[in-house]
Amino acid sequence: MKRLFLGFAFIICHLSAVLAQTATSTYIPGVTPEGAIYLLPKTGIKITVLVEKTTYTPGELCKYAERYLRIKGASPTPSVSYRIISIHQDAFAVADTSKHYAIEFNAKTVATNIRLSDDGILLAINAEPNRLPETKPFVAAPRPANMNPRQYMNEETLAAGSTAKMAELIAQDIYEIRESRNLLVRGQADNMPKDGEQLRLMLNQLDKQDLAMTSLFTGTTTKDTTEHIMTIIPEQTSEKKVLFRFSQKLGVLESDNLAGVPYYYIAEDLKTVPPAEIIDSKKKNKQAQGVYVNIPGKLRSTISDAQGIVNTAEFPAGQFGNVELLSGALFNKRYTTRLWLHPLSGAVEKIDVEQSK
């Protein structure tokens, strides 16, 4: 945050009594060094797509799966596939450079503590700004360690003269592991564990051996989740357009890549705020003392595919609303005024006015 403490160093001694209040004017770069320059926000949309990638690697003994383990359909062909887990939308604030203003101070103003965001958006006056809750960054789940079935093979299996013989011996070991597990579960094993924790450890170890050795026949499947982020800043109601494309074989693709099916985006101005009144320029100049804030409209953001709507959300949007002027009299030294603006929409969140003692 940028914290600007603008004190009496910015008092303009030659200002007339009319400027005893906080004066606001349109910002012209380099013209208003005696005041605080701020912008109002507009709303951007961050679209997050989580995609799961599934990779299948066939087992080296897959052709013996049905003969020795009665497992059908063990494919000898490696494959990669993708699926969309979720699509989520979040709003974020963007500095609207078309709504830039300057506040200049004099001896009778109390609006001397201006709080801005890093990109110059007005957040609060004479108060600590409210913060939007932080979104947790995406962290992929750790991948399990690769299994090495050979560490569970005995000397006879490793020395087998053919792949078929090795498959037969490994299948026998798998059946013995499963029999040992069944005896433990039934309490019929020759050496039963002393307590429940020891039994759990033994069962886990047997399961691990069974899974590793069976994977030689069935192959292994790994899953990875990746995050894809797209940002859009709607300026007006838009027609349906392709946001991205998706392929079960290739994953998320660019919008012009015809190898995938399209996912569409549309932004709608719900017109919850009436159009701004046209004010005569002379009248406008007389009223241009105070602080400008947003009167945000509402934005509906919709993502769809060929089957229908996938995700829709509504957000306040300053670019679909109007700008309102708060009277500079609020910041006269007769009052102690604290102002909070919503960090996303730029609307007044709270005004606290106390008469000065």
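These are my notebook entries on what I looked up in this predicted model.

**Entry 1: the whole chain**

I started with the overall counts. The protein has 14 strands and five helices. I then looked up burial, and 39% of its 357 residues count as buried. For contacts with a separation of 6 or more, I found that 74% join residues 24 or more positions apart.

**Entry 2: aromatic rings**

Next I turned to ring pairs. How many aromatic pairs does a search of the whole structure find? It finds four. One of them joins tyrosine 38 and tyrosine 101: the ring centres are 5.7 Å apart and the planes stand at 40 degrees, so I noted the pair as tilted. An angle under 30 degrees would have counted as stacked, and one over 60 as edge-to-face. Tyrosine 38 belongs to strand β3 (residues 35-57) and tyrosine 101 to strand β4 (residues 79-104), so this pair ties together parts that lie 63 residues apart in sequence.

I checked burial for both partners. Tyrosine 38 has 0% relative accessibility and so counts as buried. Tyrosine 101, at 10%, counts as buried too.

Tyrosine 101 has a further partner, tyrosine 292. Here the centres are 4.3 Å apart and the planes at 20 degrees, so the pair is stacked. It links distant parts of the chain, with tyrosine 101 in strand β4 and tyrosine 292 in strand β11 (residues 290-305), 191 residues apart. Is tyrosine 292 buried or exposed? Its relative accessibility is 13%, so I wrote it down as buried. Put together, ring pairs join Tyr38, Tyr101 and Tyr292 into a cluster.

**Entry 3: charges over rings**

I also looked for lysines over aromatic faces. Which residue has its charged end over the ring of tyrosine 264? That is lysine 240, at 5.1 Å from the ring centre. I noted another case at tryptophan 340: lysine 350 lies over its face, with 5.1 Å to the ring centre.

**Entry 4: a surface patch**

On the surface I found a nonpolar patch formed by Val348, Ile351 and Val353. Together these residues have about 200 Å² of accessible area. I followed up on valine 353, which I located in strand β14 (residues 348-355). Its relative accessibility is 38%, so valine 353 counts as partly exposed. The cut-offs behind that label are under 20% for buried and over 50% for exposed.

**Entry 5: positive phi**

Last, I went through the backbone angles. As a reminder to myself, most residues other than glycine have a negative phi. Arginine 70 has a positive one, near 60 degrees. I placed arginine 70 in the loop between α1 (65-69) and β4. Its relative accessible area is 63%, so arginine 70 is exposed.

Where is asparagine 126 found? I traced it to the loop between β6 (122-125) and α2 (155-158). Asparagine 126 is not a glycine, yet its phi is positive, at about 60 degrees.

How values were computed
Residues are numbered from 1 along each chain as its sequence is written. This is a predicted model: local features need pLDDT of at least 70, side-chain atom pairs count only at pLDDT 80 or more; totals for chains, interfaces and linings use all residues. Side-chain values use heavy atoms; hydrogens and water are left out. Patches are made of residues with over 30% relative accessible area and no salt bridge: like charges are joined within 9 Å, nonpolar side chains (Val, Leu, Ile, Met, Phe, Trp, Tyr) within 5 Å. Accessible areas come from the Shrake-Rupley method with a 1.4 Å probe; for residues, only the protein chains shown count as cover. A salt bridge is a side-chain nitrogen of Lys or Arg within 4 Å of a carboxyl oxygen of Asp or Glu. Helices (H or I, at least four residues) and strands (E, at least two) are DSSP runs, numbered from the N terminus. Buried means under 20% relative accessible area, exposed over 50%, partly exposed in between (1.4 Å probe, protein chains only). Rings of Phe, Tyr and Trp (its six-membered ring) pair if their centres lie within 6.5 Å; planes under 30 degrees apart count as stacked, over 60 as edge-to-face and the rest as tilted. A charge sits over a ring if NZ of Lys or CZ of Arg is within 6 Å of the ring centre and within 35 degrees of the ring normal. Contact means heavy atoms within 4.5 Å.
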